[in-house]
Each structure stands twice: as C-alpha cells, then as structure tokens.
Amino acid sequence: MERSEVRGLYLLAAFLACAYAMPFVVGAWTGTVRLDERWLGNLATVVIGGIMQGGVYAMFAVGLTLIFGVMRIINAAHGEMVMMGAYLTWVCFFYLGVDPLVALVLTLPVAFLFGVAVQKLLLNAVVGAPELTGLLITFGLGLTMIYAVELIFTTDFRTIPYAPGTVRLTNTIAVGQNRVISFVMAVVISTGVYLFLKLNRLGKAIRATALNAEVAMVCGIDVRRVYLVTTGLAAALAVAGGALVSIQFGFNPETGVLYTLQAFAIIILGGRGHYLGALIGGLMLAVLENLVSLMVPNGTAMVELAAYGLMIFVLLIRPGGLMGVKEG
Amino acid sequence: MDGCSFVVPRGKISGLIGPNGSGKTTTFNLLTGLLEPDGGQVIYNGENLAGLKPYQIFRKGVTRTFQVTRIFREMTVLENMLSVTGLGVPERVARQRAEELIAFVNLGHLRSEYGGRLSYGQQKLLEFVRALMTDPDLILLDEPAAGVNRTLLQHLLDHMHRLQEQGKTIVIVEHDMNVIMNHCERIFVMDYGVKIAEGPPAEIQRDERVVEAYFGRRR
Amino acid sequence: MTRGEHLRNLVLLGACAVALTILPHALTVYRRSFVLFTMMYVVLALSWNIISGFTGYTSFGHVAFYGIGAYACAILVADYRWHWIPTLGVGAVLAALIAVVIGYPVLRLKGPYFAIAMLGAAEGTRVVATVWDSLTHGGLGISLPSAETSLETYYAMVTLMLVTIVVAYGVGHSRFGIRLNAIREDEVAAEALGINATLYKLAAFTLSAVFPAVAGGIQAYKVLYIDPPAVFFVQITIAMALMSMLGGKGTVIGPIVGAVILYTAQELTWVNFPTAHLIAYGLFIVLVARFMPRGLVGLAIDRGWVRKGMIH
C-alpha cells in the first residue's frame, strides 16, 4: 500500500470514530444518555437490532456492487428494485394470502426476469459508455418505477404485520422477531450467492468478467450472458431485500430513493465491487443509524442524514472505501 | 523513480530516452506537477517547483505535450487554443495569436472543426501549438514525432530550432533515434527509473550501458 | 462568433423582452402563471447547464439551492415581515455561500460520484429543513401572507430570466466558458494548460446556484405556501437536467428550447394524466440519454442544419 493510501485509511478510521461518537455526544447533551441499566439495555438492543438490519442492507447492497463490479455501471434504480420487492411481497400477502417468506419463491423469479429485461433493453447499450450515461439511464428507470408504482398503489405508506413478537434475550434486551427472521434469511441468501460465485461455473465466469472483461472474453466466456445473469441476480437480491425490509418497516413508492442512497453509502464505505466490503459497510451503516435514532432527538429524520453524511465523507476521504484500493 | 538527477542546459534542445517503462513520462509528470514527488526537488529559475499545482507550474513558463494527445475533443480547434490561461492579453490579441499558430501548422482551414475529428497527426500538431500559446520558456515534448508524417515532422523540427534560437529550452522524449541524434545537443538516458548515462549524441551512441539497457547484456 | 451575430442575438432577446412585458395584459390568470413557470424552468435549466453542461459536473442535487431560496423568502416574509424583493437577494447570497461550502469538497469527486454526492447533499438539505422546525416550521410548511402578486412575480421572473440568459450567454461565449469546457473535456490537460480547475469549477458551481435560489424565492411568493417535500422535490432537479439534455447541454439555446418544450408538454399531460406524466418523465430521460445524448441542438449541428457557433 502506498503512503497516501495508508493515510487515507487512518483518516477514514478517525472519521468513523467521530461519526460513532456523535450520537453519544448529542445524547449526553440532550440528556437521553442516562447510563442506568435500562438505558444500557436499550443501547444493546439497538446495536443488536442494527446488526440484524445490517445483514439485510448488506444483502441488497451486494446487488449494486455486483453490477458495478461486472459492468462498471452504477445502478441508480437499485433502491426502486428494493421498493418493488416490498410491493410484490405486500401483494402476495394481502391478495394471495401468501406468507412473505414463501412469497420469495414467486417474487425472485419475477425479479430475475425483470433484471434480464432491464439488461437487454437498457444496460447492454451502455456497457463501456461513460459511467454517467449508465447512471442517467438507471435514474430514469428508477423514476419510471416510482411513478408506475404510485399510479397503482398511491403514495400511502404500507406495512406488513408479520411476526410482531419479540425475542427476549435478557430482562432489558429484546429484539423483534421479524428482525431475527429477516437477518437469518439474509444470511442464508447471501451465503447462497457467495457459494454460487465461488463454486458454480457461471459464478466463476461472473467473477472473471469483473476482474477483466476482455480477458474473460478471450477465455471463451460469453460476456453477454454473464451480464444478463448478473443484472438478474442483482435484481433478485434487491427484491429479496425488499421482502425482508417490508416485514420490518413501512414503505411507500418514494422510499426507494433512501434505499438507493443507503446501498451507495454501503458500497462506497466498503469498497466498490467488493463483496466482503458490502457486508462490513452494511453492518456499520445500520448500527450507526440505530444509534442515531436512539439518542438524537428527531432521530428518525436524522437517520437519513447518517447515510448521506457517511457516503459523502467516505467519498471525499477515501474514494476507494475500506477494502478497495485507490482508483485511477 | 529513485536517485535520479538531471540538469537540463538552458537554451538548448535536450533528449530524454530509455526503454519502455523506464520512467520518461513519469519524469515529465513530476516536472509539471501531475505527480507529486515523495522527495527531491525540481529547481527552475532558482525556484523549487516540487509540490506546486500543475497550473501554477504552467504559469511559471513550463509547458508540455502528452504522449497520447490530450486535446479537447468536443471543442473546436480555435477553442482548444483559446482555453490556455495566463496570457494576460485581451481576447482579440489571443485570438490573433491562436490564428497565427494554427495557420503555422496548416490547421487554419480546420479552425471551426471539433478537435476529436482531426487525424492523430493533426491532433499532435494542435497540441504542440496549443502549448506555445503563452510563449513558454521550458517546453517538454512527449513523443512529438509519433504519428506525424515526414513533411509535417520536418516543419515541426524546424520550428523547434527556431524556438531554441529565441532562447527557449526544449526537452523531448522520443523513440525515433534519428530525431534524437540529429537534433539534440545533450541526451539523458534512463532505465528502471534511474539515469544511466548523459552526454552529447556521439558519446551516447558508443556508451556500453545504454546499449545494454536497450538490447540486454552482451555475453 | 462575429460581432454581427452577437448583435442579432441581442436584438432577438430585446424583442422577447418587449413581448413578455406586454403579454400578461392579454392573458388570463392561468395562462399568465403558465408563462411564469415556463420562464422559471428556463432559469433553472440554464443554471444547471453552467455547472453540468459547460463544466461537465452533472449535479443531481441542484434543487437544494431552489429550496434554500424559497425558504429564505418564506421565512423572512412570513416571520420577519420583510418586503419580498430583498429576500431574493438574501436567498441568492445564502445559496452562493452554501454552494461554496458544499462545492469545495464535493467538486473534487468525478463524474457519477459527484452526481450521487449531490443527490445526497440535496436530500440532506431537505432533512435539515424538516428537522430544524424552530426556523422552518418543519413539516408543517410556511404560509405567506397573501397579496395581489400575480403581476409583480411575473415581472420579477421576466427580469430574472433575462439576466440569466445574458449571464449564460456571456459565460458561453467568453474565455471563461471555454475554460469550463476544457475542464469538462479533460481536467488534467486543462490544469497542465494553466487552468486552476478548482477555482473555475467553484465559480461555475456558485454561479449556477444563485439563479435557482432567486427563482425559488419568486416561486414561494407566487404560490404562497411551501413545505420541504414541495421545494426540495427531486423531480425539479431532474427537470433541470432533462430540459438541458433534451435541448442540448453545453449550449445556451439548448436549455431554453428544452425548458419551453418540456414544460409545455408537461402542463398538457398533467392536466389530463396527473401521474402518467411523471412516468413519461422517467421514460423520457432513458430515451434521451440512450438515443440523443447531445440533444436537439447537437442533432441539428450533426445533421449540418446549422453551423456550430451559429446558435450555440
């Protein structure tokens, strides 16, 4: 590692330390930090809850990082795909009476086909074009999706009442059942995708293409097919993320923008195109968000600021992220 | 690059040669501020340029061209010329100077054409005259001959000598040994980021180390 | 471009000014406000074009400045009983300051990362406007004391639009503009030619923040009620971008043409299909980016209908 890179890493570490200290400082200032047993229980609860939530974030962020790694396209419609997943699950739940987890069997193939269609109609044309063209096109796609969903479902917030109970760890520490279920599902799916990329022939082709598309092509890999599968897989991950988010939080068509920015923040923090980085970034962002919502007054609105702030500052301090190297 | 030191003679044409990857372009990047040296100095007119920004170095009278041309592709030839700063003259004068320079390299009829539509040789010429807009004192040319046809090359070399007669200092990186040997007064040879030889052309041609660097050690 | 052509353009602009001055007396209130909003989008698109078209830094967050201008006007008029005209100046200065503070770090990012960071910055501004309720009344929004404003705001917008056009034209035809273009084409080469890219980018960014702030202020006084979702609406940024792209970003006439066409189309569809027009917006971005990246003006130049520089 070069000297300037090491310096960037230290700066980033310092920044993250400040970011995590911030909610505590604000909390102490406004008196929400009390240091009694109940408060410590709350703290432990939100940290554990954050880790659970982070698993889900990491899972859908992996979809974004896959597309970026393979095609160098930043998919600005990723959050809208998450939002689409939430609505698909909601439809299955309320109209077909299908359990949200069982619904994945229906929604994931739909998502995969949707991703393939997006790749065929839009992204194939912009692979290799300046990064901005891909960003603009996917941004347009995202807007179209928002308003199409709005046309069908209106802007009302929806929720899915699912596994509302809590899992009690101690007297003071309790985590929602839905969070635990989501976390377990996210871990299962992420591991599945990881094994697919590591062991499966097609998965290996995806990784080879991400390393160097030209060399992959020379080695007889059908790059077009790899692109199709990658976007399909990314869309499936986003929709799965949407399903797991929908049983925890309310959503409306416009929440997609927040998911897009969260996913950006995560892969920028972890390092673009880096699988493990997305996992670390997801956990870190979610824990920070939960700390903010516990201690900072008006926390729910401030949670969004945590994602934006984290993203912008990491971009500025160390554009390559935690795991990435500096890009030319 | 490490432990590599040059003194470029003022008012002369010097050549910088070496095998591929020996650090010639890196040297230019260090001189013009595109790369920041980890240590060492770049002394120019008694001033240390190391650590200055590229535009500051440019305004001190150091200008360059690039190995792979970096003209502005979606701007016209004339706009390419006028983009140069630090002239300190009214627009009309700048425009006149630009017209003269592009006429000089036979690009006058293309003044309203996009830079990206020129042939590679024409782009090289445009980049060369663009670097001359401010009347610089030290001119660094990175492979000026590559892709330029014979007639135009002769034209370009003539102009280089005329600039030298005006007292300009010129350094060229070039793979065309005819250009280097016939037009440079002093030659620096680099290999693996280190200067391995320096001297007038005749001396360099006989130098064992130079031959070694290019063709490998003789058994 | 020759002196004669500059003169011709000036005469054209003067004719427009005269026509727009007489026009409102011949229009219904609805049509008058339609013309006002068309002019507002001309201002927004032209401003966005200074940083994103001329300089090549695509901003996905310019609505932030529009919102700041709107809030400056609304707060000062509603809570501090100012006359509304001076609040426009306050909004402009505030937007310029914030542009410098945001721009200095964020303009170091390239291409898509700048775009995303600006998206984050604008969303962040919206959150601040929502949370800081002692100043902004939070999510409740601000109602301005009503007044007969239709003509006042109309003429304010005419003035703003003329100023914006003159400034954008001046930038586009000066060496300042050429240097912004140089940064867009190749920032490294531009720096090697003596252009202090940081300073030029910051100047362009600040300039492009000022006019939207004033437009936001006028708009606030025109509609008399604002809240965070309305004035920090992502779609306003998208409109700026799309209008410029449709007309031809990096030119002066392009954003004007794009704004007029798109706002008219939007108004016509909006009346009939309230949500469908937004879907069309998204699709339209996709189509323009995919098939016509250089816009109508670029198309006209490529086809040889007009000479480059002629309408640029």
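Trainee: How much area is buried between chain C and chain B, and what share of that area do carbon and sulfur atoms give?

Mentor: The size of an interface is often given as the accessible area lost when the parts come together. In this predicted model, the area buried between chain C and chain B is about 2300 Å², and carbon and sulfur atoms give 57% of that area. The contact draws on 22 residues from chain C and 24 residues from chain B.

Trainee: How many salt bridges and how many residue pairs in polar contact does the rule find across the interface of chain C and chain B?

Mentor: Across the interface of chain C and chain B the rule gives 2 salt bridges, and one pair that meets in a salt bridge is Asp186(C) with Arg70(B), whose side chains lie 2.8 Å apart, N to O. For polar contact, the rule finds 8 residue pairs across the interface of chain C and chain B.

Trainee: Which elements of chain C each supply at least two residues of the side that touches chain B?

Mentor: They are α8 (175–185), α9 (187–192) and α15 (295–302) of chain C, and α8(C) gives the most to that side, with 7 residues. By kind, the residues of the side of chain C that touches chain B divide into 10 nonpolar, 3 polar and 9 charged.

Trainee: Which residues touch the most other members of the largest nonpolar core?

Mentor: In soluble globular proteins, nonpolar side chains tend to be buried together. Here the largest nonpolar core has 267 residues, and Tyr41(C) and Met243(C) touch the most other members. Leaving aside neighbours within four places in sequence, Met243(C) is in contact with a set of residues that includes Tyr41(C), Ala45(C), Leu262(C) and Tyr281(C). There is also a second, separate core of 13 residues, with Leu16(B), Val173(B), Phe188(B) and Met190(B) among them.

Trainee: Where do Thr154(A) and Glu143(B) lie, and what is the phi of each?

Mentor: Most residues other than glycine have a negative phi. Thr154(A), although it is not a glycine, has a positive phi of about 60 degrees, and Thr154(A) lies in the loop between α5 (131–153) and β1 (166–168) of chain A. Glu143(B), also a residue other than glycine, has a positive phi near 55 degrees, and the place of Glu143(B) is in the loop between β5 (138–142) and α6 (150–165) of chain B.

Trainee: Is Glu143(B) buried or exposed?

Mentor: Glu143(B) counts as buried because its relative accessibility is 9%, which is under the cut-off of 20%. Thr154(A), with a relative accessible area of 37%, is partly exposed.

Note on methods. Residues are numbered from 1 along each chain as its sequence is written. Chains are lettered from A and ligands numbered from 1 in the order in which they are written. This is a predicted model: local features need pLDDT of at least 70, side-chain atom pairs count only at pLDDT 80 or more; totals for chains, interfaces and linings use all residues. Side-chain values use heavy atoms; hydrogens and water are left out. Helices (H or I, at least four residues) and strands (E, at least two) are DSSP runs, numbered from the N terminus. Buried means under 20% relative accessible area, exposed over 50%, partly exposed in between (1.4 Å probe, protein chains only). Contact means heavy atoms within 4.5 Å. Buried area is the accessible area (1.4 Å probe) that two parts lose on being put together, summed over both. A salt bridge is a side-chain nitrogen of Lys or Arg within 4 Å of a carboxyl oxygen of Asp or Glu. A polar contact is a pair of N or O atoms within 3.5 Å; within protein, one must be able to donate a hydrogen and the other to accept it, and residues adjacent in sequence count only if both atoms are side-chain atoms. Ala, Val, Leu, Ile, Met, Phe, Trp, Tyr, Cys and Pro count as nonpolar, Asp, Glu, Lys and Arg as charged, and the others, Gly among them, as polar. A nonpolar core is a set of buried Ala, Val, Leu, Ile, Met, Phe, Trp, Tyr and Cys residues joined through side-chain atoms within 4.5 Å.
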